[in-house]
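Me: I'm new to this one and would like a friendly walk through it. Could you show it to me first?

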Amino acid sequence: MNMFFCSFGKDSIANILIAHELGIPIDQIVYCEVLFDEWLSGEIPIHRVWIPFAEQKLKEITGAEIVHIRSDKNFKDQFYTTKKRGKHIGEIYGFPYIVDSWCNGILKMRAINKHVAKYDNVVQ
C-alpha cells in the first residue's frame, strides 16, 4: 500500500500531485489533525476552510482514499503533562522548543505510526 501523508499545505499537495503525474499509485492520503483541546482544532481558521476543498480535489485527481486521524492527546493536555523521565522529571512539558518539539512526536507521529501499523507492506 502506498500511503502519503498530507498537511494540505503546498509542499505535501505538490508531492502527491507529482507522484500522481509520475504514475505512482496512491492508495491512501492521511491527514493528522492536531487538536488544541478536546474540541478546538490547532489549525488556523482559513486552513480549516481550505482542507475540505483541497481534499475533494485530491480525491478527484488521484482517486485515493483520504483518511483523517488524530492523536489520543491534545496540545493543552500534553502542555500540562509532567515529565516522567530524563533530567527534568516532575516539570511540565510546557511550550515546545525549536530543537526538541514534543508536539510533532507526541501529537502527530504516534498517531501516524499507530495508523501505519494497521496495514502490511506500507510504503510511505
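**A first look, in questions**

Me: Is Ile24 buried, partly exposed or exposed, and what decides it?
Reply: Bear in mind that this is a predicted model. Ile24 has a relative accessibility of 36%. Buried means under 20% and exposed means over 50%, so with 36% Ile24 counts as partly exposed.

Me: Where is Ile24 found, and which residues make a nonpolar surface patch with it?
Reply: Ile24 lies in the loop between helix H1 (10-21) and strand E2 (28-33). The patch covers about 290 Å².

Me: Thanks! In what order do the elements of the protein run?
Reply: The secondary structure comprises four helices and three strands. Read from the N terminus, the order is β-α-β-α-β-α-α.

Me: Which elements give two or more residues to the largest nonpolar core?
Reply: That core has 14 residues, and those touching the most other members are Cys6, Phe8, Ile13, Ile16, Ile26, Ile29 and Leu58. The elements giving two or more residues to this core are H1, E2 and helix H2 (45-62).

Me: Which residues does Phe8 touch, leaving out those up to four places away in sequence?
Reply: Phe8 is among the core residues that touch the most other members. Its contacts, with those close sequence neighbours left out, are Ile13, Tyr31, His47, Trp50, Ile51, Ala54, Glu55, Leu58 and Ile66.

Me: And how much of the protein counts as buried?
Reply: The protein has 124 residues, and it exposes about 8400 Å². The share of residues that count as buried is 35%.

Conventions: Residues are numbered from 1 along each chain as its sequence is written. This is a predicted model: local features need pLDDT of at least 70, side-chain atom pairs count only at pLDDT 80 or more; totals for chains, interfaces and linings use all residues. Side-chain values use heavy atoms; hydrogens and water are left out. Patches are made of residues with over 30% relative accessible area and no salt bridge: like charges are joined within 9 Å, nonpolar side chains (Val, Leu, Ile, Met, Phe, Trp, Tyr) within 5 Å. Accessible areas come from the Shrake-Rupley method with a 1.4 Å probe; for residues, only the protein chains shown count as cover. A salt bridge is a side-chain nitrogen of Lys or Arg within 4 Å of a carboxyl oxygen of Asp or Glu. Buried means under 20% relative accessible area, exposed over 50%, partly exposed in between (1.4 Å probe, protein chains only). A nonpolar core is a set of buried Ala, Val, Leu, Ile, Met, Phe, Trp, Tyr and Cys residues joined through side-chain atoms within 4.5 Å. Contact means heavy atoms within 4.5 Å.
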